[in-house]
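Okay, thanks for making time, everyone. Have a look at the model on the screen, and I'll talk you through a few parts of it.

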Amino acid sequence: MTNNGLNNQMLPEDMLSDVLNEALCAGGEFAEVFVEERQSMSASMDDRKVEELSAGYDKGAGIRVVVGSSTGFAHTSDLSEKALLEAARVASAVARGFVGQQSIAVGLKSEKVAGGGRDISARQSGAESIYSIHKDVPKQQKVELLLEADEASRSSGTAISQVSVAYSDSRRRILVCNSDGLLREDEDVRTRFSVNCVANGDTGLQTGYETVARRLGFELFDLIEVTNIAEKAAGRALVKLNARSAPSGELPVVLAAGSGGILFHEACGHGLEADHIQKGASVYCDRIGEQVASGLITLIDDGTLSEEWGGYGIDDEGHPASRSILIENGVLCDYMWDFLRSNKGPEISGKNRFSGNGRRQSYKHLPMVRMTNTYVAPGTDDPEEIIAQTKYGIYVAKLGGGQVNTATGDFVFGTTEAYMIEDGRITYPLRDANLIGNGPEVLKRIDCIGRDFGIEPGTCGKDGQNVPVGCGQPTLRISAITVGGSA
Amino acid sequence: MDVRTADMVDIAAKVCGWAQQSCPQENEDVEVYALRSHETSVRVFEGEVEQLSSAFTGGVGIRVIKDGRLGFAYAGSLEEPILKSTLNQARDNANFSTQNEYVALPVADGVPPADLDSELCYPGLDEFSTGDKIALAIDLDQTVRKLDTRVVQVPATDYEDTKVEYAIVSSKGIASSGRHTFCDLSTYVLVRDDSGKGKGDMQTGVGFCLARHPKALQVDKAANDALERAVCLLGATKPSSGQLTVVFDPRVTSVILSVLAGMLSGEVAQKGRSPFQNHVGEKIAPGEISIVDDPTNSSSWGASIYDAEGLACRRNLLIDQGVLKGFYYDTYAGNLAGTTSTASAVRGGYATTPQAGCRAVLLEGGIRDLTGVMGLEGGKDATAESIFLDQADIFAKVAHGVFVRSITGVHSGVNPVSGDFSVGIEGLMIRNGELAEPIREATIASTIQKMLLGIVALGNDIEWLPGIAAGMTLAIGEMSISGL
């Protein structure tokens, strides 16, 4: 049962070599073949009905050729040698017109990543498989989870007027090989479960949402109870029926552990991606070694947290995931890199390193610098004390999505569960509101940092590509941030 | 089957045929949606090609309805063995969903398809050379760099085009197909003020132009738009909190209309997730305002001959002179509501099932004067003939307000179920009828319901933008702004 396909290489080495050679025949310094196969399954329940079960299958290859500062790219869903060679020729078009380049003969060294970040030794026990493969789990069992969650949400309160529940899983195999001789494969299994509730009261409709997503198989449901997720989502909608408008203006804001890691992802993480840095489109350009945040802040990007949503074994350029300290005690230490940016790295930082942050949504996309699991490391304060020491402010139990302009650092986030803090105590719930600020400014205003920790899954969109990420942080306080009042 | 040459109708019909041969049961219905696209994208940086990508993508989405149970499967491939296994997956999935009398495939409803093919598809796109596409992007990159000395970097200038072909064939007799082309040229510019009082301040702007054919792309429009949007914000500061009149840029209006359109989905309303659910026949907007979704309007980028279930697209009036006329539906939502599909099914590609959605939302004018409520009597007034004003005439009437150039955080800050609306803004203050200092790091808040009722002026600058709604300058009488 340990054979999860890793023993059968997705494409034979001689074919891959031929394709790489074809990709470089018009010239160019680097060529890469990325092969991907993805199976997915989802089931959704809405309005008390299991509305849809969906199964999906995608496979294909993306081929890129790098010539100087130009990249050519083509992809195909047809993995025959003929189709791959054709894609290689299309990708190499970028090299035509760059004359005088010798083509390089490519030799490949096969290297199967031993589970990559999947950490086989820790998880493999006896004859059991590394993870429970979703297709071995009866569909009915997945549907039961939906029914269970629906029931739990509706039992949370009579005001719950609508519930939707979604289950999804995926299994993704990748193979990366390139003209530097790298050949690596990895496999990835993910499971996600979410509940969305609507509560109907005198104040109109309110919503509550909760999601759990891990880089695990069906054993995720040994670790979590779907009824818990369902009750959390329902509770969030119900509490807002009695919510009052959020005050507006600059206020202290306490973020509960795990509730607001996205703020650091958006407000700071994106600005530390080397592609933005190299184009001067980040507020953090040329600032390595400088104090860019409160001394309480240590920011880490860690793709090796393998079970978290942003984890993986190898990135989509074949480099192992790593743990990078980006900001340590407020001082900027490093940026995040992919292959292309890393090669250009010395120009900006004196370093030349892969941090394993080259990711892509699918074989149809070019890789670029992306975050993995990005989090603020815990501090020493008692979370309860942080609230107790806040005279008048806002306690955010859950932040929604956000957006940032990496060039200016300006960001905005929505709260989806928040409360007033008055005289050190949480008093009443608030309607959804926005927090708005400037990343570098807010980082300097962190004045308390808890010893607890939480990390949440999310989907990060950049340049039209979505990838799974994790965002985490301990309970912490921002001394002042602009709160956009609610209606 | 080669994805570059495959005919989508043939593929959809073939898979549908397999289903009927292998299981000619009367209680099973099958629908095959086949999609193929050919995309080229070019990114230019500092006058050189940074990325050049070209590829065909193809796939199918199969819906099987057996005894009122829906199963779905998709594959990003046109290979026969994969298509066969996808059909089997869809059939198997149907065993696990809840029996639902409202689940059905549509039958043709007699509405004739609009004759739009020549307007939506430019067949000559295939002959437009890659070199010419690169030249367009380089031209834009170079144009914007030379426009102004305050331009410090142009991190990305992109050319993209796509040709899409789709077919929907079902056991209910639907056999619809269509195609369209689309080209997009855009640039992202950074400007810095090294002189004035906001010394060292950096701002960004994005400009773009769209067309069905690359020769129709206007490089200067995209360049000027990007620059103007960035420069106008230099030296921006945080405004003070309060109540004021809000004038939205056409781009922002388009986003707000898209959110509103989502709240008028018949499925959303049927499931109790729209604040408008029990308000059909009621006044939800000023009597001067009508809102229509008309995918047969070939000026819109969402225009289409058929909806995602193969029915002919048609004009749907949603708000008629301020009164909520009705919702829009796909087949399932129509059945759920005891009515019929308004041919409003949309899909996000072959990998998703259809759902009700808009394609071409437009705010149309009504009959009466709306002005005189923003504090000033300046500028030209609306007339019985046209309530649409020049943007300048709208500003001239605003005593104290803000001209919102862009909004952020729509995904997190706008709740389409409650209608709560709270977003970050950048723009310019309006004082005594004139544009004043730039602002940033502020939010505005209201609800979609209040904003709709609070519309006080419409601009005549209608522009079809990417997405599902047209933009125009739009003024809301009063909203709250939070800053300092």
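One term before we start: when I say two residues are in contact, I mean they have heavy atoms within 4.5 Å. And please keep in mind that this is a predicted model.

Let's begin with the domains of chain A. The assignment gives us three: domain 1 is 13–38 + 54–114, domain 2 is 134–240, and domain 3 is 249–484. I want to look at domains 1 and 3. Their C-alpha centres in chain A lie 34 Å apart. Three names to remember here are A:Phe34, A:Arg64 and A:Phe73: they supply 39% of what domain 1 buries against domain 3, more than any other three residues.

Next, a sheet, still in chain A. It's an open one with six strands, in the order E11-E10-E9-E14-E21-E20, and the pairing is mixed. Which strands stand at the edges? Those are E11 (331–332) and E20 (454–462) of chain A; each has a single partner strand, so one side of each has no neighbour in the sheet. Further in, E9 (residues 299–302) and E10 (residues 323–328) of chain A run antiparallel and are joined by four bridges.

Is H7(A) mostly covered or mostly open? Mostly covered: nine of its nine residues are buried, including A:Phe264, A:His265 and A:Glu266.

Last stop, the nonpolar cores. The largest has 67 residues, and B:Phe248, B:Ile425 and B:Ile444 have the most contacts inside it. Helix H6 of chain B, residues 250–263, brings the largest share, seven residues. If we skip sequence neighbours within four places, B:Phe248 is in contact with a whole list of residues, among them B:Ile256, B:Phe403, B:Ile444 and B:Met479. There's also a second, separate core of 56 residues, and that one includes A:Ile63 along with B:Val44, B:Val49 and B:Val219.

Notes
Residues numbered from 1 in each chain as written. Chains lettered and ligands numbered in written order. Predicted model: local features only at pLDDT ≥ 70, side-chain atom pairs only at ≥ 80, totals over all residues. Heavy atoms only, no water. Core = buried A, V, L, I, M, F, W, Y, C linked by side-chain atoms within 4.5 Å. Buried < 20%, exposed > 50% of the residue type's maximum accessible area, 1.4 Å probe, protein only. Helix = DSSP H or I, 4+ residues; strand = E, 2+ residues; numbered from the N terminus. Pairing = 2+ DSSP bridges. Domains from an automatic or database assignment. Buried area = accessible area lost by both parts, 1.4 Å probe.
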